[in-house]
Amino acid sequence: MDTEAGPTIDPKDAAILRAAFTAFARYGLRRTSMADIAIGAGMSRPALYLHYAGKEDIFNALVRTHFERSEKAVLKVLATAGDTVDTLLATFHAIDGDAMEAMMNSPHADEILSADTPFTQPAVQEAHTRITGHIARWIEAGVADGRLSLEGLGASADEVAATIMATKFGVKATSKDFAAYRAAEARVAAIFGKALSKRNDGG
């Protein structure tokens, strides 16, 4: 969940989201109060309630904002020609943004990252689908210009992209900390990158 304000976010909303991100990482979702967020954002609780109905509403907004920024970052990565493995790993890091490290290193990581509702929001699911589509189009473009190959994979670009995304998010559940998560992401990028590049590697 990226906490940096973007050009389309109201400054007050940006301040609220930054304060909430800090509070959630420090206290966890259950222990964080609207008063904590209001103090961090430099406003009163009544003023905070003019923007958001409650802390769950704020957390949902954090997740939505994160994925909006992630999609833009992914597009930039995929538009830059480079090694297949490096591009996939950079794509994973773009999806994570700066927030993943803070969240996974938080003593409340399990509580925060196991919250389901924010990730089932239509806007978040739609962003996830678009990101998967961007990866599929990148694969298709690579196949078209001879850099990549789907030969032997028994799957379309869309199916491979969906599997990449499922695996990338799946390793989070089994990683004990951020360092382990980053290492797992690197393995996933290497596996899929080598598979897609096998024609160029002589495989």
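This is a predicted model: local features need pLDDT of at least 70, side-chain atom pairs count only at pLDDT 80 or more; totals for chains, interfaces and linings use all residues.
Local features need pLDDT of at least 70, side-chain atom pairs count only at pLDDT 80 or more, and totals for chains, interfaces and linings use all residues. Residues are numbered from 1 along each chain as its sequence is written, and side-chain values use heavy atoms, with hydrogens and water left out.

Q: How many helices and strands does the protein chain have?
A: Helices (H or I, at least four residues) and strands (E, at least two) are DSSP runs, numbered from the N terminus. Along the sequence the pattern reads α-α-α-α-α-α-α-α-α-α-α. The count is eleven helices and zero strands.

Q: What percentage of the 203 residues in the protein chain is buried?
A: Buried means under 20% relative accessible area, exposed over 50%, and partly exposed in between (1.4 Å probe, protein chains only). By that cut-off, the buried share of the 203 residues is 46%.

Q: Which residues does Ile37 contact, leaving aside its neighbours within four places in sequence?
A: Contact means heavy atoms within 4.5 Å. Ile37 is one of the core residues with the most contacts inside it. Its partners are Ile16, Ala19, Ala20, Ala23, Phe24, Thr32, Leu48, Lys55 and Ile58.

Q: Why is α1 called roughly perpendicular to α4?
A: Axes are lines fitted to C-alpha atoms, for helices over the stretch in contact, and angles run from 0 to 180 degrees between N-to-C directions. Angles under 35 degrees count as roughly parallel, over 145 as roughly antiparallel, 65 to 115 as roughly perpendicular and the rest as oblique. The axes of α1 and α4 lie 10 Å apart, at an angle of about 105°. That angle therefore makes the pair roughly perpendicular.

Q: Is Pro11 buried or exposed?
A: Pro11 sits in helix α1. Its relative accessibility is 64%, so Pro11 counts as exposed.

Q: What distance separates the C-alpha atoms of Pro11 and Leu48?
A: Along the chain, Pro11 and Leu48 are 37 residues apart. Their C-alpha atoms are separated by 13 Å.

Note on methods. A nonpolar core is a set of buried Ala, Val, Leu, Ile, Met, Phe, Trp, Tyr and Cys residues joined through side-chain atoms within 4.5 Å.
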